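Please look at the sequence and the 3D structure below. The report that follows takes a short tour of loops, helices and backbone angles.

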Amino acid sequence: MKKYNVLVIGSGGREHAIALKLSTSTLLDRLFVVPGNPGTASFAENLPGNVLDFGNIAGIIREKSVDIVVVGPEDPLVHGLRDYLEAAGILENVLFVGPGKSGARLEGSKDFAKGFMRRHGIPTAAYRTFSMEDREDAIAFMKTLDAPYVLKADGLAAGKGVLILDSIGEAVSALDEIFAGKFGHAGDKVVIEQYLKGIEVSFFAITDGHGYVLLPEAKDYKRAMDGDTGLNTGGMGAVSPVPFVTPDFRKKVEDRIIRPTIKGLEEEGTDYRGFIFFGLMDCAGDPYVIEYNVRMGDPETEAVMSRVGSDLLAHLVAAARGDVSGEEVSVLPCTALTGIVVSGGYPQAYGKGYAIDGIEACASKAAVFHSGTAFRDGRTVTAGGRVLAVTVTSGTLAAARELLYSALPDIKFENSYYRSDIGADMLKLSDK
């Protein structure tokens, strides 16, 4: 049986969770993470480097005899890591999980993604795209819509480029701020779309470009404060499974969204091998696409990987080789719940470098994934807004919530904060 040297690219909780799952594979020989974090250092070999330093990554692949590359974040994919390695001849003998630039446009350009959905009949909200010179037309279009108003920076904005405004005045002000550079060049174009009323859910597929296998679904919590209030964040928590995802709803998602997406990519000549994230809205039982991501979500990954019972590395090798037809994802019959401990002030200004206590105590009850940490002077310290992801599994959602909220208080650092209501809305649904 062939054993694989695996390189995971990234440094957050998502990459920690993926690497940890890969570390359990019977197919694994050596596991490397670039740059990794203090959490991945406990079971993998962290290597220095920036995820956008493609030359360094190529050198590591050669030096460490890497057999398969698994990309965690979107930036290297959108900027063409796969294309770079292909041009260098490296992928003649190395497998790669993730699309090239062409496929990564599904996440790298919201305008492209909406056009793709329109071309292939995939249900999504009505929209139009505008540049700065179209400001007056953009305002006129917003006035044809009912509040609230949804504005999306076209390019990558670290998960913060989607704004939902309650009044036309707020929407116009937000539009002007985006055009003035709030999100840099990501906001050179703005997608304005119809607001969809419903409940969000995320689906995750591993595709070989023709077929796919599904991972467990999840729901994340984007708002900073309890009750889904406050600013949008990269994610404050996640739950899997999602009670309203019935077999009928899942079939609608596969028939109307997942299969047409993969078929559309194939028809457009895009060789897509890797993860596809489908951000969906359940509108009275019908799924609509809010967004695509070309990688796993964070913090959903920390919950999803906790429910995968089969060999993730085997699935990824099959996808990268171009044939997942023999793969079957085993899903553990439990509930996974993730809560994020953030630095006070996030997603706006926050401090860094605070010493973190209680990780070991928390880890006795839960899985602790490092999202924004560093190791300095013999201590683990905060190094980002989202600091740690704490994930528990249990037989029921109610039990998982009790376990999560017994573990989260163990984590202590200056100005730490976490939401107290992760999964509470789903608990009400599961009781119905």
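## An exposed histidine

H210 is exposed, with a relative accessible area of 52%. Exposed means over 50% relative accessible area, buried means under 20%, and partly exposed lies in between (1.4 Å probe, protein chains only). The model is predicted: local features need pLDDT of at least 70, side-chain atom pairs count only at pLDDT 80 or more, and totals for chains, interfaces and linings use all residues. Residues are numbered from 1 along each chain as its sequence is written, and side-chain values use heavy atoms, with hydrogens and water left out.

H210 sits in the loop between strand 10 (199-207) and strand 11 (212-214). Helices (H or I, at least four residues) and strands (E, at least two) are DSSP runs, numbered from the N terminus. Leaving out residues up to four places away in sequence, H210 touches I262, E266 and G322. Contact here means heavy atoms within 4.5 Å. From H210 to H370, the C-alpha to C-alpha distance is 34 Å, and the two are 160 residues apart in sequence.

## Helix 7 against helix 8

How do the axes of helix 7 and helix 8 cross? Helix 7 (residues 135-142) and helix 8 (residues 168-179) have axes that come within 11 Å and cross at roughly 150°. That makes helix 7 roughly antiparallel to helix 8. Angles under 35 degrees count as roughly parallel, over 145 as roughly antiparallel, 65 to 115 as roughly perpendicular and the rest as oblique. The axes are lines fitted to C-alpha atoms, for helices over the stretch in contact, and angles run from 0 to 180 degrees between N-to-C directions.

From helix 7, R135, A138, I139 and M142 take part in the contact; from helix 8, I168, A171, V172, L175, D176 and F179 do. By class, this contact of helix 7 with helix 8 has eight nonpolar, no polar and two charged residues. Ala, Val, Leu, Ile, Met, Phe, Trp, Tyr, Cys and Pro count as nonpolar; Asp, Glu, Lys and Arg count as charged; the others, Gly among them, count as polar.

## Two perpendicular pairs

Helix 1 (residues 13-22) and helix 11 (residues 312-321) have axes that come within 8 Å and cross at roughly 100°. The two helices, helix 1 and helix 11, are therefore roughly perpendicular to each other. I18, K21 and L22 in helix 1 meet L312, L313 and L316 in helix 11. This contact of helix 1 with helix 11 has five nonpolar residues, no polar and one charged.

The axes of helix 5 (residues 101-108) and helix 6 (110-119) come within 6 Å and cross at roughly 100°. That makes helix 5 roughly perpendicular to helix 6. R105, L106 and G108 in helix 5 meet K110, F112, A113 and F116 in helix 6. The contact of helix 5 with helix 6 has four nonpolar, one polar and two charged residues. Which residues of helix 5 are buried? They are G103, A104, L106, E107 and G108. Their cover includes helix 3 (75-78), helix 6, helix 9 (247-267) and strand 17 (286-293).

## The buried side of helix 13

In helix 13 (residues 397-407), the residues L397, A400, R401, L404, Y405 and A407 are buried. They cover an arc of only 155° around the axis, which puts them on the same side of helix 13. The arc is that of the directions from the helix axis to the C-beta atoms. An α-helix has 3.6 residues a turn, so residues three or four places apart point the same way.

Most residues other than glycine have a negative phi, and most peptide bonds are trans. The peptide bond from V34 to P35 is cis, with omega near -10°. P35 lies in strand 2 (residues 28-35). A147 and P148 are also joined by a cis peptide bond, with omega about -5°. P148 is in the loop between helix 7 and strand 7 (149-153).

D166 touches A147, P148 and Y149, not counting residues up to four places away in sequence. The C-alpha atoms of D166 and P148 are separated by 4.4 Å, with the two residues 18 apart along the chain. D166 is exposed, at 63% relative accessible area.

D377 is not a glycine, yet has a positive phi of about 50°. At 82% relative accessibility, D377 counts as exposed. N415 has a positive phi too, near 60°. At 46%, N415 counts as partly exposed.
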